[in-house]
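Subject: Handover of a structure

Dear colleague,

Please find the sequence and the structure below. A summary of the findings follows them, and I would be grateful if you would read the two side by side.

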Amino acid sequence: AWVHGDPRKVIYPTDSYGQFCGQGDTPNENKTILFYFNILKCASPVVIINLQCPTTQLCVSKCPDRFATYSDVQASYRYRPDQWNYFRQFCRPGFNNPRKSAPQVLRDEDCPSMIVPSRPFLKRCFPDFSTKNGVLTVANQTTFKDGRGKTRNVTDLREAANGINIVLDARSVGMKIFEDYAISWYWILIGLFIAMLLSLLFLVLLRFTAGVLFWIFIFGVIGIIGYGIWHCYWEYDHLKGIPGSDLTVYDIGFQTDFKVYLQLRQTWLAFMIILCGVEVIIILMLIFLRNRIRIAIALLEEGSRAIGYIMSTLFYPIVTFLLIAICISYWAVTAVFLATSGEPIYKIMANQTLCKYANLTCDPETFNTTNVTKLCPGAQCTFAFYGGESLYHKYIFIFQLANAFVFLWLVNFAIALGQCTLAGAFASYYWAYQKPADIPLWPLFSSFGRAIRYHTGSLAFGALIIAIVQLIRIILEYLDHKLKGTQNSFTRFLLGCLKCCFWLLEKFLKFINRNAYIMIAIYGKNFCTSAKDAFYLLMRNVVRVAVLDKVTDFLLFLGKILVAGGVGVLAFFFFTHRIPVFAQEVPTLNYYWVPLLTVIIGSYLVAHGFFSVYAMCVDTLFLCFCEDLERNDGSTAKPYFMSASLHRILGKKKLSPKKS
C-alpha cells in the first residue's frame, strides 16, 4: 500500500487526461474543480463521483455562472468577443478557434455544446438545481438550449437531478449541522466535563454510600423516563387541533428538516409508547430482582473500596482509548493507500454508438497512431478510473480484508491489555492479607508491566480468536449485501442463521476471554489453561455468576443512563432557552438536537469509560472470591483473604480470625 498508493487520487479529482485538479506545481494548480462537457450523459451522481461519466472532463478554476451554447457564442464572436473569452475557459486547453464549425467542434469534443449555471460540490461542477413554486429550475429558468438546435426543459435533467438534489439536500443539512457544532462546541465540552465530574463523584461516593447511590440511580432513571413520558404527552396534547398535526409520518415522507416530524402528534405518541414500555420493563425487573439487587450492591461496596485504594485505575481507560485511536488511524491511512494504489485506466470514448472499439482500454500515448479515429470519427482515449491488471491489483480486495483483520486484532489486543492490567491491579488488592497495608506499591503500573513482559503472547492469542470471529461476521455481512435481491428464501435463512450463530459465538468468547485474562493476571498461566480454569470455576459457581454478574452489569448500565440522562435533561433545558439565568448565553442554532444528542451520547461514553473500570473490578473480585472459597476453608491454616463484609454476603462458613 505504501509503495503503490497515492492519496492524491482521493484528494484531487482527475480529468480526462489523468491529471489531478488543483495539484501544486502543475498546469492545473489553480484549476481545482472538475467540469463535465455534457452532464446529461451522467446517469447518476455516483457515476460522476467515481469519474466514470462518458463525457470529456476538464479542470477549471470556477464553474459556469450562466447559460450559453457554442453556436450562440460563435455567431456573436465578431461583436461580442468577451462571450467567447468566457466560454473558451471551458474548452480544451489551447483551443482558440471560434471559426471552427459547431459539428466539428462537438465531434472532436473541443468545447462543450452548452454550459449551464453550476456550483461546486465535492470539487465537481453540478447544475445549480433549485425549486420555485414546486417546479424544478436552474438559475430560475425552466428551459435551456442544448447547443444542438433544441430547446429543452430542465426536467430533461431529472434523472440526474433527483440524485443530485438528494446529495445537495444532505450537503445543506450537513452544513447546518457543522454550523451548529462551530457555534456550540464550547457548551458541548462543558456538558461532557459535567458528565465526567458526575461520574467521578458517583464513583467516589460509592465507597461510602453504594447502596443509597444505586437506589438513587434506579429511581433517578425511572424519574427521567417518567418526565419524558409526561413531556411527550404534553406535546401530544398541545398539538391537538393544530392544522396538519394529525398527518402521519408516511404522509409527509422523508424530510431533511427534522423539525417537521416534531410538529406531528403521531411522533410524540410513538415516543410516549416507547418510553412507557421501557418504564414498565424496568419496574418489573426491579420487582422480581429486588433481593438479587441487594446482594449485587453489597459486592459493589467491596469494589468501591478496592477502587478507593487504587484510584489511578479510573484513568486507565484513557490509555486504552489512545491505543485504539492509534489502531484506527493506522487502519484508515493504510486503507486509503490501498484504495488509491491502482494505475490510471484509459478507455475509448466514441460518439458513435456502433463503434466496436467503445469502452475498450487504450494507451493515450499511442492512441493517435492507431486506426480507431478513422473507423470511429471523434473517438478519444480518456481517463476512466484507477485499477490495474497486475497480480498486486487483482488482490487489492484481499489486502483490504487483511488490513481489516490486522485492525480487529490490534483493537482486541488493546482491550485485552486493559482488562488484564486492571484485573492484576484489583487482584493484588483482594489477595493482600492485610488491607491496605499489604497492597503492593503502584499496583496498576506493576500490573501493566507484568502484562507487557509476561503475558503479551496470551493476550495476542485471545485477541486473535475474537478477531477471526469478527472477520467472519464482516464477510457474512458483505455477502448478504452483495447477494441482496438475488437470494432465495433458503439462502436468506442460511445467512441469517450464520450471522446469528457467529454473533452469539463472539459474545460467548468475549465473556470467556475476559475471565481468562483475570486468571492470567492472578496465576500467570497461558491463555488456554487460564480459559479452561476460568470456565470450570464459573460453571462450579454458575448460580452466583447469574445472580451477581448480570445484575451488577444492569446496575452499572442504569448508572450510565442516569449520568447521560441527567446531563441530557440539563442540556435540553439549556439549548431550548428554558433556563432564565443562561437564556442570553444560548447560541442561535439551526437544530438544537445536534448539540443535545452530542452531549447525551458523549456523556454516556464518558460514564461508560469510568464504569467499565468498576465492572472489571467487580468481575475480578468475584472470580477471586470463588477461587478463595475453593482454595481456603476459613481455618487458621487456610484463612480466607476476603473481607468480613464480603464473606457475610456470599459465604456460608464463619470467617476465622486472621493471623497477625
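The term pLDDT denotes the predictor's confidence in each residue, on a scale from 0 to 100. This is a predicted model, in which local features need pLDDT of at least 70 and side-chain atom pairs count only at pLDDT 80 or more, while totals for chains, interfaces and linings use all residues. Residues are numbered from 1 along each chain as its sequence is written, and side-chain values use heavy atoms, with hydrogens and water left out.

Confidence

The chain has a mean pLDDT of 80, with 86% of its residues at 70 or more. Confidence is highest in helix 14 (residues 443–454), at a mean of 92, and lowest in helix 2 (residues 45–49), at 43. Over residues 43–51 pLDDT stays under 50, and the model has 24 contacts for them beyond four places in sequence; contact means heavy atoms within 4.5 Å. Where pLDDT is low, the predicted coordinates should not be read in detail.

Overall composition

The chain contains 20 helices and 13 strands, which are DSSP runs numbered from the N terminus (helices: H or I, at least four residues; strands: E, at least two). Of its 660 residues, 44% count as buried, that is, under 20% relative accessible area, with exposed being over 50% and partly exposed in between (1.4 Å probe, protein chains only). Among contacts in the chain with a separation of 6 or more, 69% join residues 24 or more positions apart.

Helices 15 and 16

Helix 15 (residues 456–482) packs with helix 16 (residues 489–523) at an angle of about 165 degrees, and their axes are 10 Å apart. Axes are lines fitted to C-alpha atoms, for helices over the stretch in contact, and angles run from 0 to 180 degrees between N-to-C directions. Helix 15 is therefore roughly antiparallel to helix 16, a term for angles over 145 degrees.

S458 is located in helix 15. S458 counts as buried because its relative accessibility is 12%. Beyond its neighbours within four places in sequence, S458 contacts I520, K525, N526 and F527.

The loop holding K259

K259 lies in the loop between helix 7 (249–252) and helix 8 (265–288). With a relative accessibility of 37%, K259 counts as partly exposed. Leaving aside neighbours within four places in sequence, K259 is in contact with N590 and Y591. K259 and W593 are 334 residues apart in sequence, and 9.6 Å apart in space from C-alpha to C-alpha.

Yours sincerely

How values were computed. Parallel < 35°, antiparallel > 145°, perpendicular 65-115°, else oblique.
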